[in-house]
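Visitor: Please take a close look at one part of this model, the interface between chains. State the cut-offs as you go.

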Amino acid sequence: MARVWLFGEDVDTDQIVPGRYAPYMTSEEELPKHAFIEARPEFAREVRPGDIIVAGANFGCGSSREYAPKALKLCGVGAIIAPGFARIFFRNALNLGIPLFETDLTGVLRDGQEVTLDMERYVVVTDAGQEYPLKPPPDFVREIWEAGSTVAYFRRYGRLPGQRAREQGGE
Amino acid sequence: MGLTLSEQIISHAAGREVHAGDLVVVPVDCAMGVDSITPSIIDVMRNELGVERVFDPDKIAIIIDHVAPAVNIATANAQAKVRRFAMEQGIRHFYDVGRGVCHQVMIEEGLAGPGQIVIGSDSHSTSYGAVGAFGCGMGATDIALAWATGHTWLKVPETICIRARGNFSAGVTAKDLTLWVEQALGADGATYRAVEYHGVDMLSLASRQTLACMTTELGAKAGIIPPSGEVAERFRVPEWLRVDPNAQYERIVEVDLNSLVPLVAVSPRVDDVRPAAELGDIRVDQVFIGTCTNGRLEDLRMAARILRGRRVAPGVRMLVVPASSQVLMDAMADGTLAVLLEAGATIGTPGCGPCIGRHMGVLGDGEVAISTANRNFRGRMGSPNAEIYLGSPATAAASAVTGRITDPREFL
């Protein structure tokens with residue numbers, strides 16, 4: 001079971017990891033300890049691998065800093081579900097292989113609720129057995145997830161995701 | 001079928017016609033890294049991708065601007081790593097402490113041009129749309145892949161067109177237009193999309209940079225202004241890059257520039273925008289004029305126009321950080337700097353400065369700032385308990401004089 005961490009709209013990269021905790025200022029080992037250090041200080045202490053962030057619109061707005069989603073990945077966050085993501089954050093999280101779903105579940109899931117994320121069927125199942133469907137990702141996104149990250153994808157195929165789509169006629 | 005400017009630029013790079021929604025891989029004309037992200041870019045390229053040399057050192061720019069000069073041992077070490085890397089790789093377009101804010105330097109050095117694809121490790125890389133480039137901010141992995149391969153992947157964006165008519169009244173600037181657009185579209189109003197500004201041919205390059213820079217705060221992937229006027233005179237514009245009357249826009253937003261007034265984004269939301277005159281009595285502790293949004297000569301001159309013969313109010317500190325060493329020299333040569341200094345301003349090293357709250361000009365608990373920057377997120381400039389208001393250089397200068405957020409038209 002995963003725990004739901006509920007957030008509001010417009011969670012910016014400074015809330016995810018304030019700039020003064022950048023890895024080059026502290027260290028990469030310290031990075032996950034600073035996730036949501038001001039916005040939700042208990043997060044880094046209590047988050048368990050596989051836990052899910054459920055947030056409002058425009059999650060990850062602000063800086064291009066990839067260490068914001070990286071901190072969440074190092075915390076073991078299993079997926080982030082929000083009606084929409086800031087585009088650089090979307091790309092950074094995708095590049096790191098963190099599953100993102102563009103679905104609004106803020107009105108139906110509670111903070112701290114125990115749920116299961118079914119990555120085969122793209123549904124969230126609550127402790128009460130209720131199922132909420134997730135918007136399925138595009139093919140190229142799923143391919144990056146399957147490889148683990150964009151770097152892993154590149155190392156496996158020797159090319160970037162769009163090139164593969166082109167060769168397969170997938171456009 | 002007509003093409004938007006983004007579709008034209010990406011089609012040209014891809015070597016075939018592409019449309020919104022297509023996923024493509026394109027060569028980049030330049031990929032830029034800044035001091036705070038480049039250590040990660042180097043690590044991803046070398047340690048994760050296993051690539052030792054950049055694809056072409058002449059298509060890479062590295063600029064030390066975010067925490068410049070270094071504030072502590074950690075930033076000094078990180079910048080030393082970046083400096084060593086630039087030397088080892090033979091990167092000519094390396095600009096060290098004091099040259100200026102990355103986006104300003106890129107334009108001054110001609111590293112972004114009309115019709116090009118330019119990516120940068122700073123989110124405000126949309127700024128290159130000021131010269132008609134497809135400018136796009138990306139993270140460490142994307143820039144590392146570009147440094148290794150010379151390519152990046154893009155989903156061709158839909159475009160929102162901002163169609164302006166008329167002209168600004170006295171005391172109203174491109175910053176007020178961009179704040180109006182923030183309010184009209186909202187902070188995520190252009191997420192995944194490109195923004196095109198039409199009807200702003202009379203604007204200077206500097207004002208276009210303000211507009212293009214701030215499209216990032218709409219969530220935009222790129223913000224492009226068709227090359228014309230000063231830009232068309234200073235840059236070589238390719239034949240194929242022109243507004244296509246049959247282009248398909250997702251949405252067109254009309255704005256009458258004559259009706260705009262000086263605007264302010266209220267802490268802590270960039271899209272909570274109100275007329276400066278209607279804000280009520282808001283005292284300020286710090287006034288900051290600078291950044292990639294508004295740190296150019298025309299911005300400093302506008303501030304000087306208001307501050308000439310006046311003084312910064314007691315208890316208020318006014319920081320001016322020219323966007324580049326070139327801006328600093330020009331402002332020195334034409335007397336602008338002297339006016340600002342006589343009024344009581346402090347001049348900082350060209351770079352990002354107080355905007356990112358990591359060194360010089362950090363706000364303390366309960367302090368209030370008015371800034372010409374692009375973001376007023378909580379904690380952005382220091383204490384999470386500080387308030388950040390955003391306005392034009394004119395509004396910031398007028399506020400410095402009164403110690404309260406002030407409509408600059410009172411002083412014109």
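Guide: Helices (H or I, at least four residues) and strands (E, at least two) are DSSP runs here, numbered from the N terminus. Residues are numbered from 1 along each chain as its sequence is written, with chains lettered from A and ligands numbered from 1 in the order in which they are written. The model is predicted, so local features need pLDDT of at least 70 and side-chain atom pairs count only at pLDDT 80 or more, while totals for chains, interfaces and linings use all residues; side-chain values use heavy atoms, without hydrogens and water.

The contact (heavy atoms within 4.5 Å) draws 45 residues from chain B and 39 residues from chain A. Between them about 3,800 Å² is buried, 57% of it from carbon and sulfur atoms; buried area is the accessible area (1.4 Å probe) that two parts lose on being put together, summed over both. On the side of chain B, the residues that lose the most area to chain A are L23(B), W153(B) and Y192(B), with 19% of what that side buries between them.

Two salt bridges are counted between chain B and chain A, where a salt bridge is a side-chain nitrogen of Lys or Arg within 4 Å of a carboxyl oxygen of Asp or Glu. D142(B) and R91(A) form a salt bridge through their side chains, at 2.7 Å from N to O. Helix α5(B) provides the largest share, five residues. By class, the side of chain B that touches chain A has 21 nonpolar, 14 polar and ten charged residues; Ala, Val, Leu, Ile, Met, Phe, Trp, Tyr, Cys and Pro count as nonpolar, Asp, Glu, Lys and Arg as charged, and the others, Gly among them, as polar.

Y192(B) also has a positive phi, near 70°, though it is not a glycine. Its place is the loop between α6 (174–185) and β9 (194–198) of chain B. Most residues other than glycine have a negative phi, and most peptide bonds are trans. Two cis bonds in chain B can be listed here: A68(B) to P69(B), with omega near 0°, and S267(B) to P268(B), with omega near -5°. P69(B) is in the loop between β3 (60–63) and α3 of chain B, and P268(B) is in the loop between β12 (263–265) and β13 (273–275) of chain B.

Beyond the interface count, the salt bridges over all chains come to 34. One of them joins the side chains of R48(A) and E114(A), at 3.4 Å from N to O. R48(A) lies in the loop between α2 (43–46) and β2 (52–54) of chain A and E114(A) in strand β5 (residues 114–118) of chain A, so this pair ties together parts 66 residues apart in sequence.
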